[in-house]
Amino acid sequence: MSRPTIEQMCELCQQIECGRVTFEVIQEVLERANRIGLPQLFKKILRQARKTAEKISNAYEQARAFAEIAKALAQAQDFEQARKTAEKISNAYWQARAFAEIAKVTGQAQDFEQARKTAEKISNA
């Protein structure tokens with residue numbers, strides 16, 4: 001897969017800003033930002049994506065978007081923001097998936113106590 005250009009990233013961000021937001025657009029933005037490898041840009045996009053996801057009117061699509069954002073935050077090792085994002089998910093299935101992914105990545109980072117605490121939230125989802 002080729003590396004995305006800054007212009008492509010800007011185009012995707014513009015789709016978000018113009019309200020043409022779908023789960024697929026958010027997922028593509030996150031994947032491209034991660035591949036570019038610019039941590040600050042990636043985190044900024046995640047913050048914007050979370051704000052944008054709050055505006056999605058379809059509850060199921062919003063839950064999917066929040067789950068993808070929580071996963072990306074965990075992969076960026078921003079575990080606190082990942083958990084906060086997962087807590088916003090209203091759909092039990094997507095919330096459980098988000099918490100499971102956060103727990104997995106937290107465990108891989110060898111923060112076993114936080115991984116355990118995060119995993120405990122899955123049963124509450």
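**Briefing: salt bridges, surface and fold**

Lys121 and Glu87 form a salt bridge, their closest N and O atoms lying 2.8 Å apart. Lys121 is in the segment after α7 and Glu87 is in helix α5, so this pair ties together parts that are 34 residues apart in sequence. A salt bridge here is a side-chain nitrogen of Lys or Arg within 4 Å of a carboxyl oxygen of Asp or Glu. The model is predicted: local features need pLDDT of at least 70 and side-chain atom pairs count only at pLDDT 80 or more, while totals for chains, interfaces and linings use all residues. Residues are numbered from 1 along each chain as its sequence is written, and side-chain values use heavy atoms, with hydrogens and water left out.

**Overall fold**

- The protein has seven helices and zero strands; helices (H or I, at least four residues) and strands (E, at least two) are DSSP runs, numbered from the N terminus.
- Of the 125 residues in the protein, 42% are buried, where buried means under 20% relative accessible area, exposed over 50%, and partly exposed in between (1.4 Å probe, protein chains only).
- Among contacts with a separation of 6 or more, 49% involve residues 24 or more positions apart; a contact means heavy atoms within 4.5 Å.

**Salt bridges**

- The whole structure holds seven salt bridges.
- Lys121 is partly exposed at 28% relative accessible area, and Glu87 is partly exposed at 45%.
- Glu54 and Lys88 also meet through their side chains in a salt bridge (2.8 Å, N to O).
- This pair links distant parts of the chain, with Glu54 in the loop between α3 and α4 and Lys88 in the loop between α5 and α6, 34 residues apart.
- Glu120 and Arg116 form a salt bridge whose closest N and O atoms are 2.4 Å apart.
- Because Glu120 and Arg116 are four residues apart in helix α7, about one helical turn separates them.

**Loop residues with positive phi**

- Gln77, although not a glycine, has a positive phi of about 60°; Gln77 lies in the loop between α4 and α5 (79-87) and is exposed at 53% relative accessible area.
- Gln110, likewise not a glycine, has a positive phi of about 65°; Gln110 lies in the loop between α6 (92-108) and α7 (112-120) and is exposed at 59%.
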